[in-house]
Structure formats: structure tokens, C-alpha cells
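Try each task yourself before reading its solution.

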Amino acid sequence: MKLVTGIIQPHRLDEVKAALEAAGVHGITVSEASGYGRQRGHTEVYRGAEYTVDLVPKVRVEVLVTAEEAPRVTDAIIGAAQTGKIGDGKVWTVAVEDVVRVRTGEHGPEAL
Amino acid sequence: MAMSEFALDSGNTAWMLTASALVLLMTPGLAFFYGGMVRTKSVLNMMMMSFGALGLVGVIWILWGYSAAFGTQGNAFVGNPFQYFGLVGLTDQNSIMAASGVPALVAVVFQATFAIITVALISGSIADRTKFSAWMVFAGIWLTIVYVPIAHMVWGGGFESPTGWVAQHISAPIDFAGGTVVHINAGAAGLALALLLGVRKGFGKEPMRPHNLPFVMLGAALLWFGWFGFNAGSEFAADGVAGRAWLNTMVATCMAMLTWLATEKIRDGHATSLGAASGVVAGLVAITPAASAVDSFGAIALGGIAGILCALAIGLKYKFGYDDSLDVVGVHLVGGITGTLLIGFFATHHQGAWYPAGAGDGLLYGGGFKQLGAQAVAALIAVTYSFVVTILIGLAIKKTMGLRTSEEVEVSGIDLAIHGETAYETIGSRATMEVNA
């Protein structure tokens with residue numbers, strides 16, 4: 001099993017959700033995140049005092065999938081999140097040892 | 001001032017009751033204006049300094065404040081606090097509003113609202129780091145030995161009044177609604193306290209972003225609304241001069257907002273909402289002493305100049321290294337001086353404008369330098385007296401009970417440490433409950 005995590009631009013969330021649904025994904029977890037990559041932050045000015053805000057708002061999308069599905073899900077996120085500008089984010093995949101469905105106690109691929 | 005007969009004027013009285021309520025609303029408005037500008041961890045303390053001043057000054061004013069500022073037994077500098085202690089012995093005939101047929105108690109409440117907001121204004125320079133107990137002690141002493149004498153000198157028949165020393169030797173200083181008494185006074189006191197307290201940890205290095213700009217704009221709106229009572233009410237009557245003051249309070253403020261925004265746009269690249277709110281207050285401050293005494297063009301020019309000067313003046317604290325946290329100096333001291341001095345250029349009787357007998361037209365209206373000289377003297381007296389005496393009060397409190405909270409309190413947040421509250425719930429602040437009854 002794999003965990004696919006995407007850090008994306010907040011305004012691309014609806015497109016990414018639609019693409020994941022089309023790719024047959026049943027459940028995702030979305031959370032607000034902040035950070036920066038090459039994009040760095042932005043500046044704000046209050047009564048002439050300039051503040052640099054390093055951390056930029058992002059959205060974190062997490063999807064648990066089988067190993068075979070992982071590349072397709074990654075492609076779906078990338079296809080929907082890409083605008084071609086700096087700040088589009090990153091997607092990565094890590095191996096998952098076990099998954100348990102809380103309601104039933106099922107383990108492994110059945111719990112996905 | 002004492003009159004033999006008192007004839008009630010119900011129209012004027014209705015207006016003055018209304019104006020008093022308008023001015024009282026300014027202090028909670030100021031609490032929002034200031035509260036939005038600080039960080040989440042100190043918004044309650046910031047608002048409480050305004051509410052605390054409201055409570056304390058409201059009581060002191062009735063006990064001895066009015067008597068010492070506006071009683072009839074004063075010398076050139078201060079009245080007798082015991083003449084009308086608790087308002088005993090005060091009659092409609094011997095109040096400052098007798099001539100317009102407004103009862104004495106209405107005069108007392110109207111003037112109370114001025115005293116309250118003047119004290120509250122000072123708190124903007126001492127954000128995030130002042131012991132609440134020290135603030136309350138300061139507020140009571142400052143009201144008594146700084147506000148009251150200056151109000152007496154300017155409005156209570158003293159040294160700077162239309163019948164006082166300055167009027168006899170130069171020209172009567174014009175301060176229609178409180179450029180010297182309220183704004184220069186609070187601004188100079190704010191500077192003195194900021195210097196005594198020292199800078200906040202991280203001042204000029206760490207970001208101290210306003211946590212709620214909609215609060216700041218709400219506060220500016222409430223201040224502006226209340227200010228119509230402040231300026232138009234200072235006529236003590238519902239008449240044409242009140243209308244002139246009302247109009248000037250609108251148009252000078254509009255112009256100050258525009259010029260503040262233009263200054264920012266040129267200097268920083270953005271016209272900001274904080275700039276709009278600040279420009280509004282700068283315009284209101286500057287037009288206050290001049291509200292009755294300039295025509296429409298004078299009001300527009302005065303507001304426009306104040307917007308630019310105040311927008312530039314707020315940068316001084318970083319240059320000179322004093323932590324006037326919310327720009328009491330930049331807006332109230334500079335705005336108050338600007339308005340007070342510009343009267344020397346723009347004072348007139350054109351277009352229904354009015355100033356008291358003993359004063360004269362401004363430089364641009366053919367009056368020469370005399371009025372400007374009188375305005376400069378009035379401003380200088382207010383700055384000097386307020387600054388020096390505030391330093392003395394502040395030093396006395398610093399040496400006895402202490403002015404400033406510990407660094408730990410400052411970093412973790414003064415709301416929780418001093419008031420036992422936090423303004424906003426976060427996941428980390430979920431609590432269990434116990435009832436103390």
C-alpha cells in the first residue's frame with residue numbers, strides 16, 4: 001500500500017478532487033498547510049512597516065491507495081494541479097506498512 | 001460666566017444630550033480601533049485600557065473633575081476641585097453652557113466624555129507591556145493634574161482662554177473642540193509614557209502585525225460618527241456654527257483619508273485599509289480645533305495637509321527608536337499640532353465660519369502673523385506641560401508599583417497573564433470548567 005501526498009495551490013483543490021474521483025479514488029483527506037519552496041513568500045505593508053510573510057497558504061491532499069494504483073493517482077493530482085507557474089507544489093509517495101478501518105477492524109488492502 | 005437668569009432652550013439641550021452620547025461612543029470605538037491593531041495575545045488588554053479609563057474618569061469627573069476644570073473659583077491655571085465636589089452647589093446659571101440655555105448637568109456629561117477619551121487615547125502608545133493596575137493609577141492622576149488644568153486654561157477661563165493672558169498679549173488662541181486640550185495633550189503624554197516604558201521585545205525587528213483590520217475600520221467608523229458630536233457639539237447649541245463644524249468634520253476627514261492613501265501608494269506601492277482608517281483619524285484630529293473657524297476650502301486644505309504629514313510622521317518612531325506602538329504621537333500629537341497651527345493660516349468668518357472675540361483672521365485671510373503666534377503659544381504650552389508632568393507621574397509610578405510587565409508576560413501574552421482571559425478560542429485553549437460562587 002502507498003500514501004500519496006500532494007501539496008497544491010489552494011485554488012486547484014476542486015479540480016484535483018474531480019480528477020481523483022474520475023480516477024476511481026474513494027476517499028481523500030484534505031488539510032490546510034503553509035510553507036514555501038522556490039516561490040518564497042510575499043510582503044505586506046502596515047503603516048509603512050514592511051513585513052515579509054515567508055509561509056504561503058497551501059492545501060495538503062492525502063490519498064491511501066494500493067501499490068498498483070499509486071502512479072495513476074499521482075498523475076491525476078499532477079494533471080489537475082498544474083498551472084505551470086512557480087508555487088504549484090509537489091506530490092510524493094511513501095510505502096505504508098498497515099491500514100486499519102476503525103469501524104470494522106479490517107486490516108490491509110481490505111481497509112482501503 | 002455666572003448669569004442672573006437661566007432660560008432653558010429645549011432645542012439646544014436636546015442636541016447636547018445627543019452629542020454627549022455620540023462622544024461617549026467614541027471611547028468604545030477607540031477600543032476597537034486600537035484593539036484591531038495589536039496582536040491576538042493582547043487585544044483584550046488594549047480594549048480594557050479604554051474601558052478602564054471610561055469607568056474611572058466617568059466617576060472622577062463627577063466627584064471633582066468638572067469642578068476643577070470648569071468651576072467659577074479658578075485662577076489662570078486650575079479651578080477649585082472642592083467648589084462643586086460631587087456637583088453639589090452647581091446650578092444651571094453657573095455652568096459653561098448657561099448662555100445657550102443648556103442645563104448644568106448636561107454640560108457636565110458632555111465634558112466628561114471629552115475627559116474620558118483623552119485619557120483613553122494615551123493607551124495607544126503603551127500597548128502589550130503595561131501593567132493594568134499601573135495604567136489605572138496613572139489614568140486617575142493624569143486626569144487630575146494634566147487634563148483638568150489644561151481644560152481649565154483653554155476652556156475654563158484660564159491662561160489660554162479668550163479672556164486669558166495669551167489673548168491679552170497676542171491674540172486669543174482658537175481651540176474649538178480640543179486640538180490642544182485633547183489631542184496635543186494625549187499625544188505628548190503618549191510620547192512621554194512610551195519613552196519611560198521602553199520598547200517592546202522585538203520592536204522594529206519582529207513583525208507586530210495588526211491582528212484584525214476589520215476591527216480597526218469599525219473603530220474608525222465609530223470614531224468618525226461620534227466625532228460629529230465632539231466637534232458640532234462643541235458649539236453648545238444647535239445652530240449654523242454647529243452646521244459649519246459638522247461639515248468641516250466631514251470634508252476635512254474625507255480629504256485626509258485621500259491624501260494618506262496617496263502618500264502610501266507613492267511610498268509603499270499600496271493604498272491600504274489601515275491607511276484609510278488612519279487617514280480618517282488624522283483628519284478628525286486636525287480639524288478638531290479648527291472645526292468652526294475655517295471655511296470649506298480651509299477645511300479641505302487642512303485635512304489634506306494633515307493626511308500627508310501624519311502618514312509621514314508615523315515612521316519617526318523607527319528612526320528615533322521609541323515604541324509608540326499604535327502611533328499616538330504620529331497621529332494625535334502631529335495631527336493636533338498641524339490643526340492648531342493651520343488655524344493661524346486659515347481662520348476666517350467666511351461662509352458661516354466662526355471664532356471667539358479676541359481671536360483674528362489667519363495669515364491667508366489677511367490677518368497677519370498674530371493668530372499664528374497665538375496658536376503656536378497654545379500648542380507649545382500644551383506640549384510642554386503635558387510632556388513634563390506625564391514624565392513625573394510615570395516616574396513616580398515606575399519607582400513605586402512599577403509600570404511594565406515582565407518579559408515573560410509580554411512574550412506569552414498580556415491578556416492571559418493580567419486579565420486571565422484569551423480573546424479567541426483555538427484547539428490548544430479548550431478548557432474544563434469550575435464555578436466560583
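This is a predicted model: local features need pLDDT of at least 70, side-chain atom pairs count only at pLDDT 80 or more; totals for chains, interfaces and linings use all residues.

**Exercise 1.** Describe how helix 4 of chain B meets helix 3 and helix 6 of chain B.

*Solution.* 
- Step 1: Take helix 3 (residues 104-122) and helix 4 (residues 132-155) of chain B. Their axes come within 11 Å and cross at roughly 115 degrees, and the crossing is right-handed.
- Step 2: List the residues. From helix 3 of chain B come B:Ala115, B:Thr118 and B:Val119; from helix 4 of chain B come B:Ala139, B:Trp142, B:Leu143 and B:Tyr147. This contact consists of six nonpolar residues and one polar residue, with no charged ones.
- Step 3: Turn to helix 6 of chain B. Here the axes of helix 4 and helix 6 of chain B come within 10 Å, crossing at roughly 145 degrees, again in a right-handed sense.
- Step 4: On the helix 4 side of chain B, the residues are B:Trp142, B:Val146, B:Tyr147, B:Ile150, B:Ala151, B:Val154 and B:Trp155, and they meet B:Thr180, B:Val181, B:Asn185 and B:Ala189 of helix 6 of chain B. By class there are nine nonpolar, two polar and no charged residues.

**Exercise 2.** What is the strand order of the four-stranded open sheet in chain A, and which strands stand at its edges?

*Solution.* 
- Step 1: Trace the pairing. The order is 2-5-1-6 in chain A, and the pairing is antiparallel.
- Step 2: Read off the ends. Strand 2 (29-35) and strand 6 (89-95) of chain A each have a single partner strand, so one side of each has no neighbour in the sheet. From one strand to the next, the twist averages 20 degrees.
- Step 3: Zoom in on one pair. Seven bridges link strand 2 of chain A to strand 5 (residues 56-65) of chain A; A:Ala33, for example, has A:Lys58 as its bridge partner.

**Exercise 3.** Which residue in the turn between strand 3 and strand 4 of chain A has a positive phi? Look for a counterpart in chain B.

*Solution.* 
- Step 1: Locate the hairpin. Strand 3 (residues 42-46) and strand 4 (residues 49-53) of chain A run antiparallel and are joined by five bridges, one of which pairs A:Tyr46 with A:Ala49.
- Step 2: Check the turn. Two residues separate the strands, and A:Arg47 in the turn has a positive phi of about 45 degrees. Most residues other than glycine have a negative phi. A:Arg47 is buried, with 21 other C-beta atoms within 10 Å.
- Step 3: Move to chain B. B:Asp327 has a positive phi near 65 degrees and is not a glycine. Its place is in the loop between helix 11 (316-320) and helix 12 of chain B, and B:Asp327 counts as buried because it has 27 C-beta neighbours inside 10 Å.

**Exercise 4.** How many residues of chain A and of chain B are in contact with each other?

*Solution.* 
- Step 1: Count both sides. Five residues of chain A contact twelve residues of chain B. On the chain A side, three are nonpolar, one is polar and one is charged.
- Step 2: Note the scores. The predictor assigns the complex an ipTM of 0.75 and a pTM of 0.89.

Definitions and conventions:
Residues are numbered from 1 along each chain as its sequence is written. Chains are lettered from A and ligands numbered from 1 in the order in which they are written. Two residues are in contact if their C-beta atoms, placed from the backbone, lie within 7 Å. Ala, Val, Leu, Ile, Met, Phe, Trp, Tyr, Cys and Pro count as nonpolar, Asp, Glu, Lys and Arg as charged, and the others, Gly among them, as polar. Two strands pair if DSSP finds at least two bridges between them. Axes are lines fitted to C-alpha atoms, for helices over the stretch in contact, and angles run from 0 to 180 degrees between N-to-C directions. A crossing is left-handed if the near helix is turned anticlockwise from the far one by less than a right angle, and right-handed if clockwise. A residue is buried if 20 or more other C-beta atoms lie within 10 Å of its own, exposed if 12 or fewer, and partly exposed in between; C-beta atoms are placed from the backbone.
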